[in-house]
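Subject: Structure for you to look at

Hello,

Here is the structure I said I would pass on. My notes on how the chains meet follow below it.

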Protein chains: 2
Amino acid sequence: MKKRQKSRREECPVARSLEVVGDRWSLLIIRNAFDGIRRFGEFQKDLGLSKSVLASRLHALVSNGILRVEPSADGSAYQEYGLTEKGRGLFHVVVGLRQWGEAFLFSQNEEHSVMVDRSSQESVHTLELRSQHGKLLTPNDVVVKKVRVREGSRSKIPG
Amino acid sequence: MKKRQKSRREECPVARSLEVVGDRWSLLIIRNAFDGIRRFGEFQKDLGLSKSVLASRLHALVSNGILRVEPSADGSAYQEYGLTEKGRGLFHVVVGLRQWGEAFLFSQNEEHSVMVDRSSQESVHTLELRSQHGKLLTPNDVVVKKVRVREGSRSKIPG
């Protein structure tokens, strides 16, 4: 087996992302925000979690720049939550979770919500990871290069 | 604001996925497995978590069909863990978390591990979601259709 250098957690973007959104409620709130849910009461009704847990998750998502508080769309006094650009950047994570669930967690005849192209109402393709030359990449086609921080300089370990 | 039908959690593939992998440790273990880590001690060293927590997460991942126990590659008595097809199906979720972290959680000069195309050693493209006709889809271009279960029959709500 290959020797593997001990990773420093903070150097791994996956780990750093999970420090911010690595819990079920936060990702469900983000999913809801993509689906157009904007108000505290709506999140609560959909998720069925306690007000205090929801408030703390929403506060953390706002603090982390994923959601922002916005004036109510209908001019009422209600506070609303909308995805920031950073929050919208989680689109592929939410789609990836959806497509994995669709592929592996439902029986063949079991119905579930589906994501469709808004204009054609047709189902969407599975997410694709491609090389600079357009080649479709599988897990075997990629490798993660670790970073080593040297005294007085920072340089990547080759290959 | 649009009226929105209360969702049943089990109908949403995102929610069902998060019931299985919606915690930070499980996703970090899966990330490690993609990076070639296979042994208990290696996971423990990389993640720095207690043996009991790691054992319980590995057990759950095996029970859920994401990892499987495999004979040691070097013929020793060590037990190893490898991703199943279902586990490998989480590739886009892990890549999505990585790419979001790279885009939003590192300062410009801050180094981090990078995912490259194994053959060319070049960086990979950002994940892409496309329509049946090849159009690149953003969050605004898609909509999730809910499912309603009727008495004695199951049918999708149109559009």
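The copies meet through the same surface, because 100% of the interface residues of chain B are also interface residues in chain A. Please keep in mind that this is a predicted model. In terms of contacts, 93 residues of chain B touch 93 residues of chain A.

Chain B is superposed on chain A by a rotation of 180° with 0.0 Å of shift along the axis, and the RMSD is 0.0 Å. The two copies are therefore related as by a two-fold rotation axis.

On the extent of the interface: about 9400 Å² is buried between chain B and chain A. Carbon and sulfur atoms give 60% of that area.

On polar interactions: the rule finds 34 residue pairs in polar contact across the interface of chain B and chain A, counting pairs with both residues at pLDDT 80 or more. On the chain B side, the elements that give two or more residues include the helices H1 (13-21), H2 (24-34), H3 (40-47), H5 (85-88) and H6 (91-104). The strands E3 (114-117), E4 (142-145) and E6 (153-156) of chain B are also among them. H6(B) gives the most to this side, with 13 residues. By residue type, the side of chain B that touches chain A divides into 37 nonpolar, 22 polar and 34 charged residues.

Which strand of chain A pairs with E3(B)? It is strand E4 (residues 142-145) of chain A, and the pairing is antiparallel over four bridges. Within this pairing, A:Lys145 stands opposite B:Val114 in E3(B).

Now the charged pairs. Side chains of opposite charge can pair when their charged atoms come close. Over all chains the count comes to 24 salt bridges. One pair that crosses between chains runs from B:Arg16 in helix H1 of chain B to A:Glu110, which lies in the loop between helix H6 (91-104) and strand E3 (114-117) of chain A. The closest N and O atoms of B:Arg16 and A:Glu110 are 2.9 Å apart. Between chain B and chain A the count is six salt bridges.

If you open the model, the pairing of E4 of chain A with E3(B) and the salt bridge from B:Arg16 to A:Glu110 are two places to start.

Regards

Notes: Residues are numbered from 1 along each chain as its sequence is written. Chains are lettered from A and ligands numbered from 1 in the order in which they are written. This is a predicted model: local features need pLDDT of at least 70, side-chain atom pairs count only at pLDDT 80 or more; totals for chains, interfaces and linings use all residues. Side-chain values use heavy atoms; hydrogens and water are left out. Contact means heavy atoms within 4.5 Å. Buried area is the accessible area (1.4 Å probe) that two parts lose on being put together, summed over both. A salt bridge is a side-chain nitrogen of Lys or Arg within 4 Å of a carboxyl oxygen of Asp or Glu. A polar contact is a pair of N or O atoms within 3.5 Å; within protein, one must be able to donate a hydrogen and the other to accept it, and residues adjacent in sequence count only if both atoms are side-chain atoms. Ala, Val, Leu, Ile, Met, Phe, Trp, Tyr, Cys and Pro count as nonpolar, Asp, Glu, Lys and Arg as charged, and the others, Gly among them, as polar. Two strands pair if DSSP finds at least two bridges between them. Copies are superposed by least squares on the C-alpha atoms of residues with pLDDT of at least 70 in both.
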